[in-house]
Amino acid sequence: QVRLEESGGDSVEVGGSLTLSCVIRGYMDDNIYWGWGWFRQAPGKEREGVAGLYVGGGSKYYADSVRGRFTVSRGKARNMIYLQMDNLQPEDTAMYYCAAGVNDPNDYFPLRERTYRYFGQGTQVTVSS
């Protein structure tokens, strides 16, 4: 059974930084690794994509709301990715989820939820002013 586990969420003040981690556990084929995503969901809002990583070409994708402040990267182990978040703002408060396992490589939209087969349980980020 494939499991994604996020960690690193915390409460920080405005302007602070956090690094979220995500690890994949369980049996999987190699295809699960080639596309990853980070999503978030604030109370009362729909889940939205904030960052995506295409491992094969190294391309990175960001939502406009986080571009320039968030950085997605891959770990040394191929089953880990990170989300570095700088200059955090109150509107960044949300549950953050990582995603992996692209359903259809020919229909790849890195910030779209249904692009991915697997999601983790989430880690909470709270930014206070």
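Author: Ser-7 has Ser-21, in strand S3, as its bridge partner. This is a predicted model. S3 pairs with strand S1 (residues 3-7) over five bridges, in the antiparallel sense. S3 also pairs with S8. Six bridges join S3 and S8, and these two run antiparallel as well.

How buried is S3? Six of its eight residues are buried, so S3 is largely enclosed by the rest of the structure.

Now the core. The largest nonpolar core has 28 residues. Strand S3 (18-25) and strand S8 (80-85) each give two or more residues to this core. So do strands S4 (35-41), S5 (48-54), S7 (70-74), S9 (94-102) and S11 (123-128).

Take Leu-83. Leaving aside neighbours within four places in sequence, Leu-83 is in contact with Leu-18, Thr-19 and Leu-20, among others. Its contacts also include Trp-38 and Tyr-96. Val-50, Ala-51, Phe-70, Thr-71 and Val-72 are in contact with Leu-83 too. A second, separate core has six residues, including Trp-34, Phe-39, Val-102 and Tyr-108.

Last, the largest pocket. About 190 Å³ of space lies in it. Of its 14 lining residues, Arg-40, Ala-42, Lys-45, Glu-48 and Glu-91 are the closest to the centre. The lining has seven charged, four polar and three nonpolar residues.

Definitions and conventions
Residues numbered from 1 in each chain as written. Predicted model: local features only at pLDDT ≥ 70, side-chain atom pairs only at ≥ 80, totals over all residues. Heavy atoms only, no water. Core = buried A, V, L, I, M, F, W, Y, C linked by side-chain atoms within 4.5 Å. Buried < 20%, exposed > 50% of the residue type's maximum accessible area, 1.4 Å probe, protein only. Helix = DSSP H or I, 4+ residues; strand = E, 2+ residues; numbered from the N terminus. Contact = heavy atoms within 4.5 Å. 1 Å grid on protein atoms, 1.4 Å probe; cavity = no way out; pocket = protein on both sides within 12 Å on 5 of 7 lines; lining within 4 Å. Points joined across faces, edges and corners; volume = space filled by probe spheres on them. Nonpolar A, V, L, I, M, F, W, Y, C, P; charged D, E, K, R; others polar. Pairing = 2+ DSSP bridges.
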